[in-house]
Amino acid sequence: QVQLVESGGGLVQAGGSLSVSCAASGRTFNNYVMGWFRQTPGKEREFVAVISRGGLIKYYADSVKGRFTISRDNAKNTVYLQMISLKPEDTAVYFCAASSSQSTSSQYITRRETYTYWGQGTQVTVSS
């Protein structure tokens, strides 16, 4: 089992910046690919960003590319999502997730079905 706890969400004005974090406990953190997803009411949970075990491979959704940065600190068992130039359409509950997938194919690790463990989510609200 892996337990994931997100933190750092909040309210920010459009154009502003915000960082969210996800602390993991349980199994060895660096055994897992870590992803961020987001969800708004009535919509499916969508992929945002993913980072490989060692942090060398990263993928981003087109909608956040150039504005969001995913990183991880394996010594602290934490994955981060730094968000700049935020837009009202970035408003959502942000979830981190862990996958033991051995594949780093973008087609695979950007799918929510690949992930076994999920946090409870943290709300990010961007006002216009």
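**Overall form**

Mentor: With 128 residues, a compact globule would have a radius of gyration near 14 Å, and the protein chain agrees with this at 13 Å. The radius is taken over C-alpha atoms, and the globule rule is 2.2 Å times the number of residues to the power 0.38. This is a predicted model, in which local features need pLDDT of at least 70, side-chain atom pairs count only at pLDDT 80 or more, and totals for chains, interfaces and linings use all residues. Residues are numbered from 1 along each chain as its sequence is written, and side-chain values use heavy atoms, with hydrogens and water left out.

Trainee: What percentage of the 128 residues in the protein chain is buried?

Mentor: A residue is buried under 20% relative accessible area, exposed over 50%, and partly exposed in between (1.4 Å probe, protein chains only). By this rule, the buried share of the 128 residues is 42%.

**The core**

Trainee: Which residues have the most contacts inside the largest nonpolar core?

Mentor: In soluble globular proteins, nonpolar side chains tend to be buried together. A nonpolar core is a set of buried Ala, Val, Leu, Ile, Met, Phe, Trp, Tyr and Cys residues joined through side-chain atoms within 4.5 Å. The largest one here has 37 residues, and those with the most contacts inside it are Leu4, Met34, Trp36, Val79, Leu81, Met83 and Tyr94. Among the strands that each supply at least two residues of this core are S1 (2-7), S4 (33-39), S8 (78-83) and S9 (92-99).

Trainee: Which residues does leucine 4 touch, not counting those up to four places away in sequence?

Mentor: Contact means heavy atoms within 4.5 Å. On that basis, leucine 4 touches Cys22, Ala23, Ala24, Met34, Cys96, Ala97, Ala98, Tyr117, Trp118, Gly119 and Gln120.

**Single residues**

Trainee: How far apart in space are serine 25 and asparagine 77, C-alpha to C-alpha?

Mentor: Serine 25 belongs to strand S3, whereas asparagine 77 is in the loop between S7 and S8. Serine 25 is partly exposed at 38% relative accessible area, and asparagine 77 is partly exposed at 27%. In sequence they are 52 residues apart, yet from C-alpha to C-alpha the distance in space is 7.2 Å.

Trainee: What is the phi of serine 85?

Mentor: Most residues other than glycine have a negative phi. Asparagine 77 has a positive phi, near 55°. Serine 85, in the loop between S8 and S9, is not a glycine either, and its phi is positive, at about 50°.

Trainee: Is glutamine 39 buried, partly exposed or exposed?

Mentor: Glutamine 39 lies in strand S4. Leaving out residues up to four places away in sequence, it touches Glu44, Arg45, Ala92, Val93 and Phe95. Its relative accessible area is 26%, so glutamine 39 counts as partly exposed.

Trainee: How far from glycine 66 is glutamine 39 in space, C-alpha to C-alpha?

Mentor: The two residues are 27 places apart in sequence. The distance in space between glutamine 39 and glycine 66, C-alpha to C-alpha, is 20 Å.

How values were computed:
Helices (H or I, at least four residues) and strands (E, at least two) are DSSP runs, numbered from the N terminus.
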